[in-house]
Amino acid sequence: MKKKTLLYIFLILLIFYYKNFSINAFSNNYGRVINHGPKEEKVIALTFDDGPHPTYTNQILDILKEYDIKATFFVLGKFAEAYPDIIIRQWQEGHEIGNHTYSHVDAKRVSKKVLYDEYKKTQEIIENLINHQPRLFRPPYGSFDSQALDIVEMHDSIIVLWSAHQDSKDWSNPDVEEIVNTTLSNIRNGDIILFHDYVYYDKSSTVEALKQIIPELKSRGYRFVTISELLNLNQQQR
Ligand SMILES: [Zn+2]
């Protein structure tokens, strides 16, 4: 077969796969993997990974409160255990809480049993605090395979990634301006924006960047929603 024909076949298969993937992700209440919301509406979901952090998470919660917006926190079981009051505060203030494993394992590099234990332990820690089990799972590094999918499906949950053009790499604590620019210059309807409330530095650029990003996006007419709200919006449109 000619190279060109092979390329066409490959492209057709790719389009077919992508179409099915998209439909699958939004065809029922919760699909399997999502990385964006509806593109027809000016809605955005802010998400924060790796916390709670004893200082920065509270600072972020203060900012969210000031602007009266809701976000989603993908927490680590070990930090939820260490800072239970922050999880309770997140929940009481109307934010959504997702599972990000107990100790930040790479789902593709551990056995199914280890992953299951990390997942389950974190579900239980969160449930003990807020009386509610998360239905969202974000695998660390966005890395997952069928064993992670099996586990979340067993728990009637979904895998939540983020919009690829919206990764500010704020975990590496770049300049505030860099985070602001990455977010604002790439913003699109339905974006799931990835931030980190836990950073291993003396000061969090994320906290400072949010003070610029949120009012600017609000003035551009964007509405901030949790991941579950983002999905319901999508469902309503179908
Ligand atoms: Zn993480």
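**Close-up views of a predicted model**

Of the 238 residues of the protein chain, 40% count as buried. The model shown is predicted. Nine helices and eight strands make up the secondary structure of the protein chain. Among contacts in the protein chain with a separation of 6 or more, 78% are between residues 24 or more positions apart.

**Figure 1. Strands β3 and β4 run parallel.** Strand β3 covers residues 72-75 and is joined to β4 by four bridges.

Figure 2. A residue is counted as buried here if 20 or more other C-beta atoms lie within 10 Å of its own.

**Figure 3. Helix α4 packs against helix α5.** Helix α4 spans residues 84-92 and helix α5 spans residues 112-130. Their axes are 9 Å apart, and the packing angle is about 65 degrees. That angle makes α4 roughly perpendicular to α5. The crossing of the two helices, α4 and α5, is right-handed. On the α4 side the contact involves Pro84, Ile87, Ile88 and Trp91. These residues meet Ile126, Leu129 and Ile130 of α5. By class, the residues of this contact are seven nonpolar, no polar and no charged.

**Figure 4. Helix α5 also crosses helix α6.** The axes of α5 and α6 come within 10 Å, and the crossing angle is roughly 40 degrees. The two helices, α5 and α6, are therefore oblique to each other. The crossing of α5 with α6 is right-handed. From α5, the residues in the contact are Lys112, Leu115, Tyr116 and Tyr119. Their partners in α6 are Gln147, Ala148 and Ile151. The residues of the contact of α5 with α6 comprise five nonpolar, one polar and one charged.

**Figure 5. The peptide bond from Gly51 to Pro52 is cis.** Omega of this bond is near 0 degrees. Pro52 is placed in the loop between β2 and α2. Strand β2 covers residues 43-49, and helix α2 covers residues 56-66.

**Figure 6. Asp68 has a positive phi.** The phi value of Asp68 is near 55 degrees, in a residue other than glycine. Asp68 is located in the loop between α2 and β3. Asp68 counts as exposed because 9 C-beta neighbours lie inside 10 Å. The cut-off for an exposed residue is 12 or fewer.

**Figure 7. Asp156 has a positive phi.** Phi of Asp156, a residue other than glycine, is near 55 degrees. Asp156 sits in the loop between α6 and β6. Helix α6 spans residues 146-154, and strand β6 spans residues 158-160. Asp156 has 10 C-beta neighbours inside 10 Å and therefore counts as exposed.

How values were computed
Residues are numbered from 1 along each chain as its sequence is written. This is a predicted model: local features need pLDDT of at least 70, side-chain atom pairs count only at pLDDT 80 or more; totals for chains, interfaces and linings use all residues. Two strands pair if DSSP finds at least two bridges between them. Axes are lines fitted to C-alpha atoms, for helices over the stretch in contact, and angles run from 0 to 180 degrees between N-to-C directions. Angles under 35 degrees count as roughly parallel, over 145 as roughly antiparallel, 65 to 115 as roughly perpendicular and the rest as oblique. A crossing is left-handed if the near helix is turned anticlockwise from the far one by less than a right angle, and right-handed if clockwise. Two residues are in contact if their C-beta atoms, placed from the backbone, lie within 7 Å. Ala, Val, Leu, Ile, Met, Phe, Trp, Tyr, Cys and Pro count as nonpolar, Asp, Glu, Lys and Arg as charged, and the others, Gly among them, as polar.
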